[in-house]
Amino acid sequence: MAIVRFLIKRIVAIILTMSGVIAVAYVMMYYAPGSFFSSSQIASALGQLAVQDPHAYQVTLKMFEERYGLDKPLWEQVLKYIWYSLTFNFGNSYENPNVSIISQLKVALPISLELAFGSVVVALIIGLPLGIIAALKRNSWLDYTLSTLSMTGQAIPAFVLAVLFILLFGVVWPGTLPINGWGTFGNVVLPVLSLAAPNIGTFARFVRGSLIEVLRQDYIRTAQAKGVPYWRMIFRHAIRNSLTALITVVGPTFAFTVVGTVWVEDIFGIPGLGKMLASAFGNLDYPLAITSVYLLCMLVMVTNLIVDLCYAWLDPRVKLE
Amino acid sequence: MAVVLEQSPAVRPRPQSRWLQAWRRYSRNYFAVAGLIWVILFLLTGIIGPWIAPYGYADTDFLNVYQGPSWQHIMGTDNLGHDMFSQILWSTRFAIEIAFGATLVSFVIGVILGLWAGLAGGITDMLIMRLVDFMYAFPSYFLNLILVVKFGRGLLPILFAIGITGWAGYARLIRSLVLSLRNSDMVEAARALGASPVHIARKYVFPNVMTNMVVALAFGIPYDLTAQAALSVVGLGPAPPMPSFGNLVANANANILGYPWLLYFPAGIFALTLLSFQFVADGLQEALNPKGGN
């Protein structure tokens, strides 16, 4: 029963938080200088109209405002967006008035999810063995090399790495791997690698630290004393215990990666949620901007919830509260 | 025989100060020392850069666009004929303003809220910590985007946008330090011996808090530098013609297939800088908190 109460509490908290975020974001964007109609391609077309036929210009603007409910009082608009977020129906964007945002999301969201999950999985596959090796050979040259490499990965942001990849595979060895677009397996490689590199460092360093900690524990000495073979001791006794704590790092790392998809998708021209967000902020297309921020944040918060559940499941000492 | 009890100062070794010990440990880490040298160079460049820049950051030379490195433009020119070397010098200044300004803003907010939560306790503590949890769970990058859209793309709006979203870690750290120090045995013992609050603060609280703060700040700076450059990626960096490393990298990315050398200097210097700050932070952590962290 504790788990049901915990879930209800957390889900209510997520809904309240997201409603608050949407309200604040909407109000700030509402009062921000400039608007979609003054900053995009539409502006030039409308500008011509304003000169040629001021009356028609006013009518068109009015039509737009009515269509998106911009003529209503602010609180009504805010409530509308909160309602949108609760019902997962986000209306239409300014940029593509004839296509509902939700149908755009059906294409964009899976792509971003694939990138984010893919890179976390790749980072785990590479980072775990590196961390384990570094811990078992600690204070050797191998450990120092791996630790330095991990730190390098953590320090260089994904967007710098992505541009460096484009330099490598677009200019130095053109044609080996695609650097733009989406759809084939080759398209996945570079974005996933640039997102995974910082995570590899994070995981490797964390596993190294926690494994060294575990190897100092009494029960490891007991296992050694009663003659458990070395590798069996490492895998069955030590690593299993140090991995439980890793779950707590996976959550924030995933959040970090979700944010990273925004940059990487923009740089590699991938039609995902991040690219949508970047162009929406560029055009001041507020419905689209708020929707994409909302979804990316939801992704992060739901992942954190899942991580907490997993942690409680893996470690019986943890109580859900 | 009281004279015998007083040892001559030459015999008793002077106890090393903890900062000297820390420096000993720090200087053994070659990466950290190399990082420190680069960071110092970077800081000096940021301070004097705009005076030694051969061109202004907004100077364009339309006869010399997309130049490779030459004696006239030692790092080449970009699509508008901006001198890359001057742009990098100005970017360094901007990066330092953001790095230290934004980190200071976060730090001040974090210290105030952390102290308040730790000292007040009760419902105040709970409310502040809820806010901290929220700031942790919420990706601050999106808040940065919204804040920059609202308040504009100048130095101060960007600085504050990054600053007021990044304080959660400091607040949590300060609060935990306050709670653990207030109930610690050494403070208890000093109080029992009749030490004045000033003495306790100076001898026990301050050194403990200082080391932790220095490490936290050192990790905060590369984080804020990255956050600033990340805004440029989606076109919300400082408004042109103001250069920043993020803007330079983004611009190089737009022209990369035809003019790849636009990327070399900005991306290289920016990556080296972030790496150096990271090495310095890591070195400080190991030198100041030999037990904590990994």
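Helices here are DSSP runs (H or I, at least four residues), as strands are runs of E of at least two, numbered from the N terminus. This is a predicted model, in which local features need pLDDT of at least 70 and side-chain atom pairs count only at pLDDT 80 or more, while totals for chains, interfaces and linings use all residues. Residues are numbered from 1 along each chain as its sequence is written, and chains are lettered from A and ligands numbered from 1 in the order in which they are written.

Helix α8(A) covers residues 158-172 and α9(A) residues 185-215, and the two pack at about 140° with their axes 9 Å apart, the axes being lines fitted to C-alpha atoms over the stretch in contact and the angles running from 0 to 180 degrees between N-to-C directions. That makes α8(A) oblique to α9(A), since angles under 35 degrees count as roughly parallel, over 145 as roughly antiparallel, 65 to 115 as roughly perpendicular and the rest as oblique. Among the residues making the contact are A:Phe165 and A:Phe169 of α8(A) and A:Pro191 and A:Pro198 of α9(A), two residues being in contact if their C-beta atoms, placed from the backbone, lie within 7 Å.

Next, select residues 109-307 of chain A, which an unreviewed UniProt entry annotates as "domain: ABC transmembrane type-1"; such annotations may be inferred rather than shown by experiment. Over this span the chain is 85% helix and 0% strand, with its end C-alpha atoms 21 Å apart.

Now show both chains, where 35 residues of chain B are in contact with 41 residues of chain A. On the side of chain B that touches chain A, the largest share, nine residues, comes from α12(B).

Finally, select B:Tyr66, which sits in the loop between α3 (30-52) and α4 (84-120) of chain B. Leaving aside neighbours within four places in sequence, B:Tyr66 is in contact with B:Thr77, B:Asn79 and B:Tyr259.
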